[in-house]
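Notebook open, viewer running. I'm jotting down what I looked up, entry by entry.

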Amino acid sequence: MIRIVIAEDQRMMLGALAALLDLEPDMEVVGRAGDGEEAVRLVRSLRPDVCVMDIEMPKKSGLEAAEELRGADCKVVILTTFARAGYFERALKAGVGGYLLKDSPSEELAASIRSVAAGRRIYAPDLVDDVYAESNPLTERETEVLELMADGKNTKEIASQLFITTGTVRNYVSVILDKLDVGNRIEAIKRFKDKGWFK
């Protein structure tokens with residue numbers, strides 16, 4: 001019997017997933033979590049074989065929870081609507097066993113859980129293509145500057161925090177806009193977020 005914890009913040013989706021998986025003769029849903037923190041708690045106390053987790057949840061995202069559970073006996077399957085290369089890359093680094101999109105057929109989910117429980121890795125094919133097609137073009141320092149911009153910091157505050165001159169910050173901003181092919185800081189932040197490249 002494959003013991004499963006489901007983490008999903010939309011109650012109807014959580015109930016539907018649990019009902020669907022409980023119909024499988026070799027699966028039992030032993031816990032349901034409405035956020036990432038609760039998911040980590042349930043996995044640690046119930047010790048399931050697999051945790052099926054959404055990404056965007058309150059308190060702690062599915063990716064943060066997966067990173068925290070890395071090395072645990074429980075295998076993590078991310079089930080999300082977000083086909084973002086950055087999210088997928090982060091999930092891979094967290095060692096998740098599966099990354100599936102919510103628009104996949106329901107029988108695919110049960111089959112994927114069985115495969116992941118057996119030690120295989122299952123990833124949505126279009127995500128794998130996206131990762132190889134495009135990755136974060138910014139250097140570590142450029143990403144740092146963009147993250148500070150996203151936090152609402154102005155040029156002077158960024159310079160002060162990174163111990164560089166305001167001129168250097170402006171140069172970084174110019175390079176960031178150029179690499180992301182956008183016209184201003186707001187577009188840069190939006191594009192970076194849409195790609196799932198923020199940590």
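Burial first, as I use it here: buried means under 20% relative accessible area, exposed means over 50%, and partly exposed is in between (1.4 Å probe, protein chains only).

**Ground rules.** This is a predicted model, in which local features need pLDDT of at least 70 and side-chain atom pairs count only at pLDDT 80 or more, while totals for chains, interfaces and linings use all residues. I number residues from 1 along each chain as its sequence is written, and side-chain values use heavy atoms, with hydrogens and water left out.

**Asp35.** I went to the loop between strand 2 (27-33) and helix 2 (36-46), where Asp35 lies. Helices (H or I, at least four residues) and strands (E, at least two) are DSSP runs, numbered from the N terminus. Is Asp35 buried or exposed? Its relative accessibility is 10%, so Asp35 counts as buried. Next I looked up what its side chain reaches. A polar atom of the Asp35 side chain lies 3.0 Å from the backbone nitrogen of Glu37, and the side chain also reaches the backbone nitrogen of Glu38, at 2.8 Å. Skipping residues up to four places away in sequence, I found Asp35 touching Met57, Pro58, Lys59 and Lys60; contact means heavy atoms within 4.5 Å.

**Helix 3.** Which residues are buried in helix 3 (residues 62-69)? I got Gly62, Leu63, Ala65, Ala66 and Leu69. They cover an arc of only 160° around the axis, so they sit on the same side of helix 3. The arc is that of the directions from the helix axis to the C-beta atoms. After helix 3 comes Gly71, with a positive phi near 95°.

**Helix 7 against helix 9.** The axes of helix 7 (residues 140-150) and helix 9 (residues 166-180) come within 10 Å and cross at roughly 95°. Axes are lines fitted to C-alpha atoms, for helices over the stretch in contact, and angles run from 0 to 180 degrees between N-to-C directions. Helix 7 and helix 9 are therefore roughly perpendicular to each other (under 35 degrees is roughly parallel, over 145 roughly antiparallel, 65 to 115 roughly perpendicular, and the rest oblique). From helix 7 I listed Arg141, Glu142, Val145, Leu146 and Met149, which meet Tyr172, Val173, Val175, Ile176, Lys179 and Leu180 in helix 9. The residues of this contact divide into 8 nonpolar, no polar and 3 charged.

**Two residues of helix 7.** Arg141 is in helix 7 and counts as partly exposed, at 28% relative accessibility. Leaving out neighbours within four places in sequence, I have Arg141 in contact with Leu162, Ile164 and Tyr172. Thr143, also found in helix 7, is buried at a relative accessible area of 9%. With neighbours within four places set aside, Thr143 is in contact with Asn136, Leu138 and Phe192. The side chains of Thr143 and Asn136 make a polar contact (3.5 Å).

**Whole chain.** I finished with the totals: 10 helices and 6 strands, and a C-alpha trace spanning about 65 × 30 × 30 Å along its principal axes. Of the 199 residues, 43% count as buried. Among contacts between residues at least 6 apart in sequence, 62% join residues at least 24 apart.

Key
Nonpolar A, V, L, I, M, F, W, Y, C, P; charged D, E, K, R; others polar. Polar contact = N/O pair within 3.5 Å; in protein donor to acceptor, adjacent residues only side chain to side chain.
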